[in-house]
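Thanks, everyone. Let me put the model up, and then we will go through its side-chain contacts.

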Amino acid sequence: MKENITDKKWFLYVLVVIAATMWGMSYFGTKVALESLEPMQILTLRWTISTAVFFLLAVLKIIKVNFKGKPIKILLIVGAIQPCLYSVFETMGINFTTTSESSIFIATIPIFVLILGSIIFKVRPTKRTVLAVVMAFIGVATCIVFAPGFSVGGKGLGYIMLIGAVLSGAVYSHVSNRAAKNFNTIELTFGIATMGGIFFNIINFSMGYGFSTYTACIGDMKLTVAILFLGICCSAICYIVYNFALAKLPAAIATNIMANLNTVVGVLSGILFAGDDFGWYIIIGLALTLCGIGITTLEGNKA
């Protein structure tokens with residue numbers, strides 16, 4: 001039987017690299033959007049656009065979804081964890097701490113995927129997977145801690161929120177991996193996008209932003225492009241690829257590749273386009289991170 005291209009590991013890794021690149025560039029889109037909108041307004045537009053894209057594709061029959069007879073409960077759990085809980089925890093955490101602190105916390109998600117997998121889900125990682133995750137995290141931490149702008153002075157509430165984001169991201173990796181046994185990638189992403197759109201619209205109107213969130217884009221092409229990039233590329237395409245990777249690879253391996261490659265792209269894009277500092281710590285940090293991702297990739301080929 002001929003193997004489909006979607007079953008080939010090299011094709012999966014190409015998709016992951018593309019998605020991680022878009023997620024790494026999302027910081028630029030968010031930065032542009034923050035010049036005109038509040039964080040919750042950005043999340044509202046981002047997930048509303050993603051939801052609209054999926055519904056349009058379904059109506060045009062470009063994609064097919066079938067939820068009949070499937071365990072909707074686990075889909076609701078996945079969507080509640082991410083984007084709903086995770087996005088709120090992450091946004092609030094970043095708001096109450098420094099960028100350096102937030103980056104370090106988020107970079108620990110692959111480690112917590114391993115811990116939760118071993119304790120709760122009884123998934124035993126290989127020694128090479130553990131080495132890869134730890135090595136990649138040390139690389140990320142090196143880039144951040146030795147940077148001239150690094151500081152530790154966030155508020156306690158911010159740390160609590162970031163811990164919530166890390167735990168949400170780790171749990172999502174495992175729950176999504178299990179949901180993939182009943183839902184295909186499109187159905188899973190369609191479900192979480194719809195939940196995100198509903199959830200953040202409720203928050204948007206409850207916070208009093210109302211329809212001003214939507215009218216803010218009128219006549220502002222720069223903001224419109226940024227929001228479309230975040231909604232279509234980062235909240236639709238990237239999550240399709242991420243959920244696809246979680247369905248095809250062990251959760252710890254998929255999360256390690258995506259999370260740390262995303263960080264590498266973010267660091268490089270900051271240096272190339274935003275004038276961020278560059279030094280020995282960047283070279284060593286990225287080398288360690290890439291080595292960790294490389295080991296993870298080799299381990300994934302055996303999965």
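**Cysteines, salt bridges and one isoleucine**

Start with the cysteines: a search of the whole structure turns up zero disulfides. The cut-off here is a pair of cysteine sulfur atoms within 2.5 Å. A disulfide, remember, is a covalent bond between the sulfur atoms of two cysteines.

Before going on, the ground rules. This is a predicted model, where local features need pLDDT of at least 70, side-chain atom pairs count only at pLDDT 80 or more, and totals for chains, interfaces and linings use all residues. Residues are numbered from 1 along each chain as its sequence is written, and side-chain values use heavy atoms, with hydrogens and water left out.

For the terms: buried is under 20% relative accessible area, exposed is over 50%, and partly exposed is in between, with a 1.4 Å probe and protein chains only. Cys84 is buried too, with 5%.

Now charge. Side chains of opposite charge can pair when their charged atoms come close. How many salt bridges does the search of the whole structure find? Two. I count a salt bridge when a side-chain nitrogen of Lys or Arg is within 4 Å of a carboxyl oxygen of Asp or Glu.

Take Glu35 and Lys222. Their closest N and O atoms are 3.9 Å apart. Glu35 sits in the loop between helix H1 (9–33) and helix H2 (39–59), and Lys222 in helix H10 (residues 221–248), so this pair ties together parts 187 residues apart in sequence. Helices are DSSP runs (H or I, at least four residues), numbered from the N terminus. Buried or exposed? Glu35 is exposed at 56% relative accessibility, and Lys222 is exposed at 51%.

Next, Glu187 and Lys70. Here the closest N and O atoms are 2.7 Å apart. Glu187 is in helix H8 (residues 185–206), while Lys70 is in the loop between H2 and helix H3 (72–96). The pair links distant parts of the chain, 117 residues apart. Glu187 is buried, with a relative accessible area of 3%. Lys70 is partly exposed at 25%.

Last stop, Ile282. Which helix holds Ile282? H12, residues 280–300. Ile282 counts as buried, at 4% relative accessibility. From Ile271 to Ile282 is 11 residues in sequence, and 9.8 Å in space, C-alpha to C-alpha.

That's my tour. Over to you.

Notes. Helices (H or I, at least four residues) and strands (E, at least two) are DSSP runs, numbered from the N terminus.
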